Amino acid sequence: MTDPAPIPSGPDTAAEQASRTRPRRRPALSPSRAGDFKQCPLLYRFRAVDRLPEQPSRAQVRGTVVHAVLERLYRLPAEQRQPAAAHDLVKPVWAELMETEPELAALFEGPDDPELARWLSSADALLDTYFSLEDPTRLEPEACEQLVEATLESGLLLRGYIDRLDVAPTGQVRVVDYKTGAAPRQIAEARALFQMKFYALVLLLTRGEVPTQLRLMYLADGEALSYRPDEPELRRFARTLDAIWAAILRAGRTGDFRPNPSRLCDWCSHQALCPAFGGTPPTYPGWPEPDPDSTGALTLLDRAE
């Protein structure tokens with residue numbers, strides 16, 4: 001059976017030209033990119049291969065701010081980890097984020113925009129919900145916002161960020177992930193659990209032990225979900241990741257990353273380039289094969305999912 005024909009390509013665009021100036025990285029799989037491919041192979045291509053720029057939404061950037069505030073909160077001495085201290089960190093974190101990502105200024109009409117004040121207050125509300133779920137003065141995480149990597153026997157490189165890693169004096173490991181939305185419905189919950197199993201597998205491969213607990217904390221409504229994985233389940237999950245990667249590589253050889261229209265298209269930044277909406281993707285740049293030792297950092301969307 002022959003491979004299907006690739007999606008037709010059109011003339012170069014500004015986005016395409018910009019993507020060519022970015023250094024290529026060793027191909028790897030993160031929970032976000034695996035989810036992209038499962039949702040829509042063309043979305044995976046735009047994000048992971050073309051690396052087209054996206055303008056994050058206010059909700060996404062607020063999630064980044066809240067994650068960064070909680071990371072910094074745990075740098076403080078335990079007794080200082082109070083709600084007021086978290087609130088005091090919101091504006092400085094936002095200011096620093098704008099320095100590193102100046103395009104985010106376009107989300108608001110200047111520093112006096114009343115929408116900005118309301119948006120910052122909504123971050124305070126999410127932090128207050130966090131304090132209703134646990135007491136950070138009683139915790140000493142081993143790591144916050146930790147980049148983790150592992151390689152499967154197949155050679156597939158796994159890469160992701162863990163929001164928080166707790167290790168008890170007895171050696172038990174807990175993975176904690178903050179979600180700034182509400183507790184999800186069944187499909188979204190399955191995606192969140194996929195992400196947590198991904199982290200558990202990486203820890204199994206790097207530490208030689210299965211995390212005792214995977215904990216998801218939903219800061220919009222104060223819900224918390226916990227899951228206890230086991231090793232056979234994680235070994236099966238590794239095979240699932242290998243299968244996803246094999247499908248990605250098949251598409252990568254030809255550039256045949258096809259769109260998969262769904263209701264999620266309403267939130268996609270790339271409709272203008274999508275054939276499902278009458279658009280034409282940029283010329284396929286080919287599958288990235290850079291220096292095997294090159295890794296690079298994950299994107300804003302990866303870190304605050």
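**Entry 1: start of helix 8.** I began at the start of helix 8, where a side-chain oxygen of D230 comes to within 2.8 Å of the backbone nitrogen of E233. I note here that the model is a predicted one.

**Entry 2: span of helix 8.** I then looked up the length of this helix, which covers residues 231-254 and so has 24 residues. At 1.5 Å a residue I would expect a span of 34 Å, and the end C-alpha atoms are 36 Å apart, which agrees.

**Entry 3: burial along helix 8.** I listed the buried residues of helix 8: E233, L234, F237, A238, L241, I244, W245, A247, I248, A251 and G252.

**Entry 4: what follows helix 8.** I checked the residue after the helix and found G255, with a positive phi near 80 degrees.

**Entry 5: helix 5.** I turned to helix 5, residues 83-100, with 18 residues. From the first C-alpha to the last I read 26 Å, close to the 26 Å expected at 1.5 Å a residue. I also looked for a bend and found a kink of about 30 degrees at V90, shortly before the proline P92. V90 is buried, as are A85, A86, L89, V93, W94 and L97 of helix 5.

**Entry 6: cysteines.** How many disulfides does the structure hold? I found zero. For C40, the closest cysteine sulfur belongs to C274 and lies 6.1 Å away, which is too far for a bond, given that a disulfide requires the two sulfur atoms within 2.5 Å. C265 is likewise in no disulfide, and its nearest cysteine sulfur, again that of C274, is at 6.3 Å. Are C40 and C265 buried or exposed? Burial needs a relative accessible area under 20%; C40 counts as buried because its value is 12%, and C265 is buried because its value is 14%.

**Entry 7: the protein as a whole.** The protein has 305 residues, of which buried residues make up 45%. I recorded an accessible surface of about 15,300 Å², with 52% of it belonging to carbon and sulfur atoms. Of the contacts between residues at least 6 apart in sequence, 74% join residues at least 24 apart.

Notes. Residues are numbered from 1 along each chain as its sequence is written. This is a predicted model: local features need pLDDT of at least 70, side-chain atom pairs count only at pLDDT 80 or more; totals for chains, interfaces and linings use all residues. Side-chain values use heavy atoms; hydrogens and water are left out. Buried means under 20% relative accessible area, exposed over 50%, partly exposed in between (1.4 Å probe, protein chains only). Contact means heavy atoms within 4.5 Å. Accessible areas come from the Shrake-Rupley method with a 1.4 Å probe; for residues, only the protein chains shown count as cover. Helices (H or I, at least four residues) and strands (E, at least two) are DSSP runs, numbered from the N terminus. The expected span of a helix is 1.5 Å times one less than its number of residues. A polar contact is a pair of N or O atoms within 3.5 Å; within protein, one must be able to donate a hydrogen and the other to accept it, and residues adjacent in sequence count only if both atoms are side-chain atoms. The bend at a residue is the angle between axes fitted to the seven residues ending there and the seven starting there.
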